[in-house]
Amino acid sequence: MLIKKVFKLKNLRYVFFLFIYSCIENAPLDSLSPEGPYARSIDELFWITFWIAVVIFAIVQGALLFSVFVYKEKPDSPEPKQIHGNTKLEIIWTVIPVLILAAIAVPTVRTIFDLAREPENALKIEVIGHQWWFEYKYPDYGITTANVLVIPADRPVRLEMWSNDVLHNYWVPKLNGKRYLVPGQTTYLNLHADSPNEFWAQCGEYCGLSHSKMRGRVLSLSEEDFAAWVKNEQKDATAFSSDDLSLAAEGQQVYLNAGCTQCHVINGVWDVQGDRIAPNLTHFAIRNVFAGAALKNNPENLTKWLANPAEIKPGTFMPNLELTESEINALIAYLETLK
Amino acid sequence: MTKIIKPGKQSSIFRRPSSETGIWSWITTVDHKRIGIMYGYAAFFFLLIGGLEALVLRIQLSQPDNNFLTAAEYNAMFTMHGTTMIFLAIMPISAAFFNYLLPLQIGARDVAFPRLNALSFWIFIFGGAFLYSTFIFGTAGAPEGGYLSEEVGWLGSAPNGGWFGYQPNAGMKYSPGTAMDYWAIGLQILGIASLISAFNFITTIINMRTKGMRFMRMPVFTWMTFAVSFLLAFSLPIIAIALFYVTFDRKFGTTFFLTEGGGDPILWQHLFWLFGHPEVYILILPAFGIVSEVLPTFSRKPLFGYAAIVFAGFGIAFIGFGVWAHHMFASAISPVAQAGFGLSTMVIAVPTGVKIFNWLGTIWGGKLKLNTPMLFSLGFIGMFVIGGLSGVTHSVVPADTQQTDTYYVVAHFHYVLFGGALFGIFSGLYYWFPKVWGKMYNETLGKLHFWTMLIGFNLTFGPMHWLGLQGQVRRTWVYAEETNLQFWNIVVTIGAFIIAVSIIIFMINWIFSKRKGEKAPFDPWDARTIEWTIPSPTPEWNFSKAPEVKALDDFWHAKYEEDDEGRAVRKESAEQLLIELEEEGLNPTENIVLPNPSYFPIVLASGLPFLGYAVIYKSIPLALIGSLLLLIGSFGWGTEPLEEEVEDEEDNNEEYLDNV
């Protein structure tokens, strides 16, 4: 009775509606709405497999439900025939799945090798995983940045990735599948966006306390915009002179004296050779997110973050510097000048 | 009066325990049935704990950016949920079935090594207790140099590196404190328990089958026990070595998996999944066995393609060792390796499909009795197929790089391990309930349990498919509101609580039926295999005399013959046969020798946690205590008197019987 009710056509429509509802939502990490050739080739492969699976699903569940309804014990059911097997049938249902799988295997293997190949004319970008943020370096342009990966929309990008600490997993669902970042080993991933847009990234591999907040953004820009962005990034920040009395200049003093320079770099203000453990802040103000892309870049969030970073990202390596309210305000004013 | 022969005068310094009731009789028992029951209850206890951990996780995820749990607590909870469900719930519940049923299905009096069997159980208990003592003694914290804004608390001081313990995150630098040591050493201890029982079952199946019980006449459940035992024997040594490496890395400064010392974190993944994938089949094959017993019984038809099902089981077990890297498609393995492991993963779908089609062939054209065990077995097929098909989508490597590490995978393996293994286990619990307790369970409550569990299960794990495809990563303490994932997360949480309700219904049914259930008839299901030829509850001596088996499904053939059309016809002699069997089963006419209880399995097992603590705290005194217990245990084990030889010392026996 219950089953019959559930499977009434009218009710099925609701079930289907719910499913559709789940699919049309605007989910920024949706892996089923590809916006680049790599993700699209994966998507096509997925749907081929999906529909084959749906057919097999329907056959098996159909046979199961059919048996339950038709062969259910009734007062007048005769004792069943004692059938021990049927070699012909068993061979058939061994061979048919083999053929189906072979049909799936061919495009699978082809796509594996397609995705691994280094694209021509690709821009090389280094991705370095840290607990819990992604660092990006552009060796061709001498740029170091964090959290927001900026790519040209008109050409593919080849990411060369490694980790500074534990395993991470770089994932921009709308552009490609995932790839590990491994300490002591270089891995590669290709990205290519159809058009200028913003995409979400997320660390896939469990990497400790703030794994869930290790996120990112990918910004694909048109040719001119990208060139302009590169040019801007290559510029150093302008240091305020020590007799400047503005709030931002005061913030620079806080930055220099409170200990921020132990871990951070702002080119032109506090240059150091080699890598530091925290994000390069030279053009902090033009990134729309910070703190591993866990927070939107606005004064309110910055206040929360600077007051106690570990409350936002448990386990973070940024200490609570016990800054006063006025120091925080000055620092925020300064950070906003880093365009 | 029954004639159970107990040992006569004892000459050794150690006397064998003699309690037959009360707590000591359970502690010292070597009876496979009692050990099976204890395994079952202990595993169910851990299943409840693992379930509570899951509910806590679901409360946290019911809202975006929730702060019901701290990150440390959340990470500890999902680590312990996975570890508990796999190593302390599903594996030992399967062990409970093996223990109770294996000797009965092959017509043996006990397993080959009864004391080893008890040892295996007690090591499991001490291993589980050791692992869970982390909530009291364990410590965890931020990675070296990192900051926390609040105390970790007792809930967060459990292991937090995931049940997979990926390196180097689970190493000392990134997971300081002792919690992950409890995890590594706890699993090591539990592994010993499983290894011991694996060899015990292999020996039992090879050597102790009753007359006429040829391999190709064994029930499929026994076959699957056999396959699982081999899987355990070959896969556990791999994880044992890997766990030793981890413990050495963490405690003694080696660098097997640490890049800075020339080690390789990916090596851990290879070792872990080389164990971990066969482990999946260790969890699911027992359920395959149970379902292969239940479906024919309630379809009143023989299993369709018995040989195919048996060999498919072994095929799965064998290929299961060649697919491990499909857990690592996102790591940097080469395209050739990706293609190879993708193809081998597709191949394993073939024998799995054979099983499913053969089960469908079994119910097709049958006369289906839709009682609780049958419903769970049918539910098993329906749910397992979904898990199997989503598994095939993982073998499509590029697609898997989108799915891996998301809730899609969580959905997949819960359809396999919950919709598959656990549904099969519940089917078996209801099916053999009358055999174990001599009572009938309540059918109405049983069906209510099934339907609530089926609905709750699908509400919980169905939406996880699209949650994962829409970008919800695994092990995520929080998710941002902008990801638009909240709606289905609420549905999932509601589903999880419906499952909790269904488990409560199951417990009520179990407790109520065990106390006040109707007395079970001699052959309640009109069953097929020889464990139903003995009275319920099973007498202490199992079979009053060794049965002789003439065919596959021997008991069925004793009751039924086929007419010209091939339909089953009950023999006239069947009723008489049942009466005789019951009479005979309760009143053995020949002397029966049962293995004697022993104190030493528990003594020996109790040494292991001390050795574990000794490594964690680098304590010589604890190491000495542990070693001493091991030594006393083994010495006593070796020197306690054996049971008397019946033939040779008849006088002694008569004297004993006179004393009784």
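**View 1. The contact between chain B and chain A.** In this predicted model, in which local features need pLDDT of at least 70, side-chain atom pairs count only at pLDDT 80 or more, and totals for chains, interfaces and linings use all residues, 87 residues of chain B are in contact (C-beta atoms, placed from the backbone, within 7 Å) with 86 residues of chain A. The elements giving two or more residues to this side of chain B include helix H3 (71-106), helix H9 (265-299) and strand E3 (568-570) of chain B, where helices (H or I, at least four residues) and strands (E, at least two) are DSSP runs numbered from the N terminus. The largest share, 14 residues, comes from H11(B). Residues are numbered from 1 along each chain as its sequence is written, with chains lettered from A and ligands numbered from 1 in the order in which they are written.

**View 2. Strands E1, E2 and E3 of chain A.** Strand E1 (residues 123-130) and strand E2 (residues 133-138) of chain A pair (at least two DSSP bridges) in the antiparallel sense over 5 bridges, and they form a hairpin with 2 residues between them. E2(A) also pairs in the antiparallel sense with strand E3 (residues 143-146) of chain A, over 4 bridges. A:Lys137 in E2(A) stands opposite A:Glu126, and its bridge partner in E3(A) is A:Thr144. In the hairpin of E2(A) and E3(A), with 4 residues between the strands, A:Gly142 takes a positive phi near 70°.

**View 3. Helix H4 of chain B.** Of the 19 residues of H4(B), 15 are buried (20 or more other C-beta atoms, placed from the backbone, within 10 Å of the residue's own), so the helix is largely enclosed by the rest of the structure.

Conventions:
A residue is buried if 20 or more other C-beta atoms lie within 10 Å of its own, exposed if 12 or fewer, and partly exposed in between; C-beta atoms are placed from the backbone. Two residues are in contact if their C-beta atoms, placed from the backbone, lie within 7 Å.
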